[in-house]
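Dear colleague,

Please find the structure below, followed by a summary of what was found in it.

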Amino acid sequence: MDYIFPPFFTQQLGIFSQKLITEEMCSAFFSAIPANYRYIEMNVNISNKWINSTFSKRQNKDFILDLSNDYL
(Lines give C-alpha, C1' and ligand atoms only; values in the text may rest on other atoms or scores of the structure.)
Protein backbone atom coordinates (compact mmCIF):
# COMPACT_ATOMS: atom_id res chain seq x y z
CA MET A 1 0.00 0.00 0.00
CA ASP A 2 1.39 3.41 -0.95
CA TYR A 3 1.26 5.93 1.85
CA ILE A 4 2.17 9.62 2.13
CA PHE A 5 3.06 10.85 5.60
CA PRO A 6 4.44 14.15 6.90
CA PRO A 7 8.07 14.45 8.00
CA PHE A 8 8.60 14.11 11.74
CA PHE A 9 8.13 17.22 13.88
CA THR A 10 6.36 19.24 11.18
CA GLN A 11 3.16 20.87 12.30
CA GLN A 12 1.91 22.90 9.34
CA LEU A 13 2.78 22.28 5.71
CA GLY A 14 0.71 22.66 2.54
CA ILE A 15 0.75 25.73 0.32
CA PHE A 16 2.65 28.83 1.45
CA SER A 17 2.50 32.06 -0.53
CA GLN A 18 2.77 35.82 -0.16
CA LYS A 19 -0.33 36.02 -2.36
CA LEU A 20 -3.82 35.09 -1.23
CA ILE A 21 -4.31 31.33 -1.35
CA THR A 22 -7.60 30.50 -3.03
CA GLU A 23 -9.80 27.43 -2.72
CA GLU A 24 -9.05 26.64 -6.36
CA MET A 25 -5.30 26.61 -5.64
CA CYS A 26 -5.83 24.19 -2.75
CA SER A 27 -8.10 21.99 -4.85
CA ALA A 28 -5.49 21.84 -7.62
CA PHE A 29 -2.80 21.03 -5.03
CA PHE A 30 -4.73 18.10 -3.56
CA SER A 31 -5.89 16.88 -6.98
CA ALA A 32 -2.25 16.70 -8.13
CA ILE A 33 -1.56 13.85 -5.69
CA PRO A 34 -1.30 10.65 -7.77
CA ALA A 35 -4.24 8.26 -7.40
CA ASN A 36 -2.01 5.29 -6.52
CA TYR A 37 -1.60 6.67 -2.97
CA ARG A 38 -4.33 5.01 -0.95
CA TYR A 39 -3.64 6.77 2.34
CA ILE A 40 -2.43 10.34 2.79
CA GLU A 41 -1.62 12.04 6.06
CA MET A 42 -0.87 15.73 5.60
CA ASN A 43 -0.65 18.61 8.07
CA VAL A 44 -1.76 21.67 6.10
CA ASN A 45 -1.60 25.23 7.36
CA ILE A 46 -4.51 27.43 8.38
CA SER A 47 -4.47 29.32 5.04
CA ASN A 48 -5.30 26.18 3.04
CA LYS A 49 -9.06 26.07 2.49
CA TRP A 50 -10.54 22.60 2.23
CA ILE A 51 -13.15 22.11 -0.52
CA ASN A 52 -12.08 18.76 -1.95
CA SER A 53 -14.77 16.21 -1.08
CA THR A 54 -12.75 13.17 -2.18
CA PHE A 55 -10.55 13.40 0.92
CA SER A 56 -11.65 13.27 4.54
CA LYS A 57 -10.17 15.62 7.11
CA ARG A 58 -9.59 15.82 10.82
CA GLN A 59 -9.17 19.23 12.38
CA ASN A 60 -6.85 19.56 15.37
CA LYS A 61 -7.08 22.31 17.97
CA ASP A 62 -4.13 24.63 17.90
CA PHE A 63 -3.05 28.09 19.04
CA ILE A 64 -2.10 30.26 16.06
CA LEU A 65 -0.20 33.54 16.35
CA ASP A 66 -0.83 35.49 13.14
CA LEU A 67 2.38 37.24 12.11
CA SER A 68 1.21 38.29 8.65
CA ASN A 69 0.23 41.84 9.71
CA ASP A 70 2.63 44.72 10.22
CA TYR A 71 2.70 45.24 13.99
CA LEU A 72 5.11 48.19 14.01
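**Surface patch and strands**

At 34% relative accessibility, Y3 counts as partly exposed, a class that lies between buried (under 20% relative accessible area) and exposed (over 50%), with a 1.4 Å probe and protein chains only. The model is predicted: local features need pLDDT of at least 70, side-chain atom pairs count only at pLDDT 80 or more, and totals for chains, interfaces and linings use all residues. Residues are numbered from 1 along each chain as its sequence is written, and side-chain values use heavy atoms, leaving out hydrogens and water.

Y3 belongs to strand β1 (residues 2–4), and Y39 to strand β2 (residues 37–40); strands (E, at least two residues) and helices (H or I, at least four) are DSSP runs, numbered from the N terminus. Y39 is likewise partly exposed, at 42% relative accessibility. Together with F5, Y3 and Y39 form a nonpolar surface patch of about 320 Å² accessible area. Such patches consist of residues with over 30% relative accessible area and no salt bridge, with nonpolar side chains (Val, Leu, Ile, Met, Phe, Trp, Tyr) joined within 5 Å and like charges within 9 Å. A salt bridge here is a side-chain nitrogen of Lys or Arg within 4 Å of a carboxyl oxygen of Asp or Glu, and accessible areas come from the Shrake-Rupley method with a 1.4 Å probe, only the protein chains shown counting as cover for residues.

Leaving aside residues up to four places away in sequence, Y39 touches D2, Y3 and I4, contact meaning heavy atoms within 4.5 Å. The C-alpha atoms of Y39 and I4 are 6.5 Å apart, although 35 residues separate them in sequence.

**Core and aromatic pairs**

The largest nonpolar core has five residues: I15, I21, C26, F30 and I33. A core is a set of buried Ala, Val, Leu, Ile, Met, Phe, Trp, Tyr and Cys residues joined through side-chain atoms within 4.5 Å. Beyond four places in sequence, I33 touches I4, I40 and M42.

Two aromatic pairs were found in the whole structure. In one of them, the ring centres of F29 and F30 are 5.3 Å apart and the planes meet at 75°, so the pair is edge-to-face; pairing requires centres within 6.5 Å for rings of Phe, Tyr and Trp (its six-membered ring), with planes under 30 degrees apart stacked, over 60 edge-to-face and the rest tilted. F30 is buried at 5% relative accessible area, whereas F29 is partly exposed at 33%.

**Chain as a whole**

Of its 72 residues, 12% are buried.
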